[in-house]
Amino acid sequence: MNPFLVHQFLERSAARFPDKVALVDGERRMTYREVNERANRLSRALTERGVRRGDRVAVHFEKSAEEALAIFAAAKAGAVFVVLNAALRAPQISYVLGDCAVKAVVTSSARWKALEDGVPSGAGAPLVLFADEKGAYSRDRRDPQTEVLGEDLAAIVYTSGSTGKPKGVMLTHQNLVVGSESVSSYLGITARDSILSLLPFSFDYGLNQLLTAFAAGGTVVLKKFLFPADALELARREKITGLAGIPTILIPLIQAASELGGRFPRLRYVTNSGGRLPVPWVRSFDRAFPETKLYLMYGLTEAFRSTYLDPSELGRRPDSIGKAVPHAEILVLGPDGRECAPGEVGELVHRGPLVSKGYWGRPEETAQKIRQNPLHRDFHDPVCFSGDFVKKDEEGFLYFIGRRDGMIKCAGYRISPGDIEEALFRNEAVREAAVVGIGDDTLGQKIMAVVVLKKGSRLSEAELLAHCARELPSYMTPQILRVVEALPKTPNGKPDRAALALGA
């Protein structure tokens with residue numbers, strides 16, 4: 001029987017390939033039996049401490065084997081895992097823990113020490129398990145028998161919202177299992193694959209690598225991306241067959257592969273999502289990795305993966321985001337809800353079992369994003385309105401045009417300008433601030449902050465950038481910061497962001 005719960009990927013592969021290497025973390029190599037038994041012991045430790053079906057369990061690590069163990073342990077306990085990006089600062093983590101009422105946090109003692117001052121304590125505070133300590137684990141190695149259905153929540157993935165506060169996207173076991181089956185089917189992932197995991201598991205894109213590999217019985221090699229040459233050397237040493245990236249990862253890899261020379265005959269595929277890979281870099285990829293297939297993909301957290309371009313089409317349409325992935329139907333709808341003709345720009349709307357349950361604790365925003373299919377009213381048919389404008393050609397291939405809202409997509413992250421503006425306003429010298437995205441071939445968009453200082457203040461741009469670096473995760477720190485005398489305004493008195501972007 002095929003798994004229909006996330007943790008059954010691990011349990012089935014542990015039964016089929018008990019002595020096969022499942023995880024590589026630096027010098028550590030863990031078999032499927034070892035991963036499953038440690039996840040079982042951690043899961044039972046959670047339930048022994050009061051975690052119950054549906055409770056939220058936060059997972060907070062640098063990329064590591066313990067992070068992967070904690071994800072499966074929470075799922076085995078019937079809980080909902082919330083993977084926290086390692087780049088988040090204490091205020092952002094504190095917000096997430098409170099927003100979804102986290103019951104427990106699985107982390108390392110060193111990481112928690114750096115955060116505990118910014119996290120509420122006392123009554124109602126989450127219990128904390130240190131997965132790097134032996135005492136955190138139960139002695140019971142058996143698979144827990146938790147009653148969970150495919151329709152139950154498995155994960156909450158936080159993504160920034162236009163209101164300035166992160167929103168938790170609710171993903172069911174079915175969402176994640178079908179997503180893994182979808183991606184595996186067109187990438188052809190099998191037990192023979194060794195996948196280089198460079199993306200954080202807090203991204204649904206990065207999480208999918210772990211799940212697809214474990215579903216097939218493949219090997220996951222963990223690596224925090226810092227230097228492209230190191231990643232390429234690891235790929236060669238570990239005989240990597242597949243990896244996923246975003247433009248800010250793939251462009252340096254392409255550059256390094258071109259400069260260092262050498263071939264990667266075992267590297268079967270590379271995927272790109274989280275932003276457009278510029279056409280010149282698509283061409284360069286073919287020269288740097290002539291034996292590797294490149295898959296250009298488009299997705300959104302609220303519906304996981306929507307489209308991919310078959311590598312055979314790269315030569316003819318390298319600027320296309322392709323067609324619908326398996327188990328999805330993609331509609332292009334106009335503002336009146338009708339289907340757009342070829343060449344007509346409309347909103348990308350995703351239909352099928354990959355559509356999430358919406359946003360945790362935000363029914364109004366969920367109702368704006370997940371709506372009844374406007375093409376009929378015959379039965380309940382929720383679809384996801386992406387907020388992205390696309391068009392399709394006569395053959396049905398899709399092309400991304402732009403975003404409907406003001407979100408910035410930088411290096412694969414969806415970033416709310418309000419988050420950055422709020423951080424700037426925490427500096428007492430700042431009177432006004434506006435943040436916009438500026439087109440960039442490498443990052444997708446650069447973050448530009450424009451600031452007006454209070455009268456008499458003399459802060460430099462460098463000092464303001466240093467303030468942002470203290471207040472925000474690295475991926476949210478502006479690449480450009482300008483101090484001006486006054487912001488351009490719209491007729492209603494709001495900052496004119498369009499004028500700021502045009503004047504960049």
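Helix α12, covering residues 417–425, lies across β23, β24 and β25 and runs at about 145° to β23. Helix α13 (residues 461–471) lies across β23, β24 and β25 too, running at about 130° to β25. Contact here means heavy atoms within 4.5 Å. The axes behind those angles are lines fitted to C-alpha atoms, for helices over the stretch in contact, and the angles run from 0 to 180 degrees between N-to-C directions. Helices (H or I, at least four residues) and strands (E, at least two) are DSSP runs, numbered from the N terminus. Keep in mind that you're looking at a predicted model, where local features need pLDDT of at least 70 and side-chain atom pairs count only at pLDDT 80 or more, while totals for chains, interfaces and linings use all residues. Residues are numbered from 1 along each chain as its sequence is written, and side-chain values use heavy atoms, with hydrogens and water left out.

Now for the sheet under discussion. Its 3 strands make an open sheet in the order β23-β24-β25, with mixed pairing; two strands pair if DSSP finds at least two bridges between them. β23 (430–440) and β25 (480–483) sit at the edges with a single partner strand each, so one side of each has no neighbour in the sheet. On average, neighbouring strands of this sheet are turned by 20° against each other, direction ignored. β23 and β24 (residues 444–453) run antiparallel and are joined by 10 bridges.

On to charges. Side chains of opposite charge can pair when their charged atoms come close. Take a salt bridge as a side-chain nitrogen of Lys or Arg within 4 Å of a carboxyl oxygen of Asp or Glu, and the count comes to 34 salt bridges. One of them joins Asp152 and Arg53 at 2.8 Å, N to O. Asp152 lies in the loop between β6 (127–130) and β7 (153–160), and Arg53 in the loop between α2 (32–48) and β3 (56–60), so the pair ties together parts that are 99 residues apart in sequence. Arg53 is partly exposed, at 45% relative accessibility. For that label, buried means under 20% relative accessible area, exposed over 50%, and partly exposed in between (1.4 Å probe, protein chains only).

Another salt bridge links Arg317 with Asp393, their closest N and O atoms being 3.0 Å apart. Arg317 is in the loop between β14 (304–309) and β15 (323–324), whereas Asp393 is in the loop between β19 (382–392) and β20 (398–403), so this pair ties together parts 76 residues apart in sequence. Arg317 and Asp393 are both buried. Through shared partners, salt bridges join Glu313, Arg316, Arg317, Asp393 and Glu395 into one network.

Lys167, in strand β8 (residues 166–172), counts as buried at 8% relative accessibility. Its side chain makes a polar contact with the side chain of Glu365 at 3.4 Å.

What about the cysteines? A search of the whole structure finds 0 disulfides, a disulfide being a pair of cysteine sulfur atoms within 2.5 Å. The sulfur of Cys340 is 17 Å from the closest cysteine sulfur, in Cys384, so the gap is too far for a bond. Cys468 is in no disulfide either, with the nearest cysteine sulfur, that of Cys410, 13 Å away. Cys340 is buried at 3% relative accessibility, and Cys468 is buried with a relative accessible area of 0%.

Methods:
A polar contact is a pair of N or O atoms within 3.5 Å; within protein, one must be able to donate a hydrogen and the other to accept it, and residues adjacent in sequence count only if both atoms are side-chain atoms.
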